[in-house]
Amino acid sequence: MTRIVILGAGTAGTIMANRLRRLYARDVRSARTTITVVDQVERHVYQPGLLFLPFGGYEPEDLIRPHRSQLHRDVTLLRETISSVEATANHVHLQSGRTLDYDVLIVATGTRIAPEETDGMTGPGWRERVFDFYSLDGAVALRDALKRFEGGHLVMNVVDMPIKCPVAPLEFVFLADDYFTKRGIRDRVRITYVTPLDGAFTKPTCTRELTHLFDDKGIELVTEFTTGRVDGEKGVLASWDDREIPFDLLVTVPLHAGAEFVQQSAGLGDDLGFVLTDPHTLQAKVAPNVFAIGDATNVPASKAGSVAHFEAEILTDNIRRYLAGEPLVPDFDGHANCFIETGHRKALLIDFNYDVEPVFGRFPFAGIGPMRLLRESRLNHLGKLAFRWIYWNVLLPGHDIPAVGPRMSLRGKKLPVTPTNRTAVLAAH
Amino acid sequence: MATAVIANHELDMDAEGFLQKPDQWSQEIGIDIARQVGIDPITDRHWRVVRFMRERYLQTGQAPTIRTLGKESGVSTKELYQLFPKGPAKLAARIGGIPKPHGCI
């Protein structure tokens with residue numbers, strides 16, 4: 001019997017469970033192979049929707065479904081909290097006292113926000129004038145605060161990298177500009193974007209092509225600001241180098257960390273609780289039969305659902321190879337594909353990987369599109385909205401998206417040649 | 001790709017002075033870059049941060065953030081800002097010969 005245990009029923013865990021179930025359908029039906037998913041909560045949240053919820057775009061119930069309904073019936077789902085992984089013994093210890101034995105373990109427990117790690121953030125004013133939108137509770141509280149907001153200084157701040165969906169805070173300020181314009185009070189709201197990086201956009205093509213969005217929308221920018229503390233009572237955001245930004249409403253992306261049990265598991269993760277993972281095979285460093293996927297890993301790819309989806313195709317094959325005694329393939333290239341809402345019913349689309357920066361071109365069909373990369377358009381916005389259906393009905397069940405492969409295609413893209421992508425670009429032309 | 005000559009070596013460097021090929025780096029080059037950014041002399045405390053930064057990048061492909069530096073390098077966040085007043089992560093990356101820390105766009 002082969003026991004596959006998947007920790008986490010989020011995007012990555014659900015896709016993996018359903019893909020492996022399909023791969024081993026006959027064995028799973030006859031219980032020669034078991035697939036067990038462990039998660040501590042019951043509900044699956046469509047996280048891209050959390051960006052729109054504060055502006056009234058969705059109700060919470062639009063974004064939630066039970067985990068059970070997203071997993072094939074032959075997959076076992078356990079609602080348990082994980083205490084630790086003992087990789088030397090192939091054990092997962094659960095808080096209930098139970099132990100799960102595995103032949104293959106997949107860690108897909110994602111990332112969580114840790115607002116308590118920033119001095120003062122969860123003190124007075126938390127969820128009154130200091131908000132996050134990376135949790136369902138936070139997004140709902142922020143929606144209510146935005147409804148009451150009649151003017152003043154709205155500050156959007158990113159505490160530190162890495163964060164989930166790195167473009168979400170940018171989208172948030174663009175949508176806030178749109179929201180206050182529609183409410184007719186944009187002239188009474190000052191919007192400032194505060195980042196620890198040295199620009200809102202940090203890759204040369206994006207800096208050149210997208211900086212105008214800030215000017216066009218009248219959004220102020222503060223860079224290289226490393227958040228040291230928050231005073232929600234006085235309304236002050238302060239940096240480690242003693243700069244202070246006063247705010248009436250602070251929307252923050254708190255520090256991100258991996259799941260707590262990762263740090264309780266010898267050799268599994270780094271200091272932030274992200275699983276030490278080979279960036280190309282997705283095998284964990286701790287043991288050959290442990291793998292990691294999605295936001296839970298420390299690989300230098302974006303923490304985004306599209307990345308988990310692309311990784312899943314490669315990881316499914318590598319797990320099949322591992323169980324068959326074949327060598328793993330180092331096929332994951334860091335491919336990410338994201339829509340970026342820019343407000344006023346427009347969006348950008350970007351496509352990139354470990355080596356190739358976001359570029360211009362057409363997507364997904366070279367030369368045809370219909371979507372254009374790195375340019376604002378209504379079609380991209382519609383694509384982003386349609387994605388919710390694709391998420392529940394194509395992505396989570398573990399189907400492939402037609403014409404969008406796991407490895408980034410360089411066809412149809414206008415690529416500048418740089419030292420890191422030289423080989424790949426020249427091969428594509 | 002621009003190149004620059006530092007400590008008599010021709011190096012691949014971006015417009016902001018970050019080395020693009022970490023293997024071209026040497027301690028001598030680090031000392032020279034430190035001088036250019038106003039850190040002179042570079043002390044053992046600086047080196048502790050720079051070495052940590054470089055080693056972590058070479059291991060994981062990603063430069064550690066201020067938070068990781070403050071927790072793991074053995075130098076507190078407060079001292080990091082005393083040592084590298086204009087941004088510890090960026091300056092330590094530049095002195096340590098690794099590419100600039102960046103976001104995804």
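Predicted model: local features only at pLDDT ≥ 70, side-chain atom pairs only at ≥ 80, totals over all residues.

**Entry 1: a proline in chain B.** With those names in hand, I found B:P41 in the loop between α1 (27-36) and α2 (44-60) of chain B. The peptide bond joining B:D40 to B:P41 is cis, and its omega is about 5°.

**Entry 2: a proline in chain A.** Here I looked at the bond from A:M161 to A:P162, which is cis with omega near 0°. I placed A:P162 in the loop between β12 (152-158) and α5 of chain A. I reminded myself that most peptide bonds are trans, and that most residues other than glycine have a negative phi.

**Entry 3: positive phi.** A:R127 is not a glycine, yet its phi is positive, about 65°. I located A:R127 in the loop between β10 (111-113) and β11 (130-131) of chain A. Is A:R127 buried or partly exposed? I put A:R127 down as partly exposed, because 17 other C-beta atoms lie within 10 Å, and buried would take 20 or more.

Next I checked A:R345, another residue other than glycine, and its phi is positive too, near 60°. A:R345 sits in the loop between β21 (336-343) and β22 (346-352) of chain A. With 14 other C-beta atoms within 10 Å, A:R345 is partly exposed.

**Entry 4: the cores.** Which residues touch the most other members of the largest nonpolar core? I listed A:I6, A:M16, A:I106, A:V107 and A:I293, out of 124 residues in that core. Helix α5 (residues 168-182) of chain A gives the most to this core, eight residues. I also noted a second, separate core of 23 residues, with B:V50, B:A63, B:L80 and B:I98 among them.

I then followed A:I293 on its own. Leaving aside neighbours within four places in sequence, its contacts include A:A12, A:M16, A:I106, A:L282 and A:L315. A:E311 is also in contact with A:I293.

**Entry 5: where the chains meet.** How many residues does each chain bring to the contact? I noted 26 residues from chain A and 21 residues from chain B.

Technical notes
Residues numbered from 1 in each chain as written. Chains lettered and ligands numbered in written order. Contact = placed C-beta atoms within 7 Å. Core = buried A, V, L, I, M, F, W, Y, C linked by C-beta atoms within 7 Å. Buried ≥ 20, exposed ≤ 12 C-beta atoms within 10 Å, placed from the backbone. Helix = DSSP H or I, 4+ residues; strand = E, 2+ residues; numbered from the N terminus.
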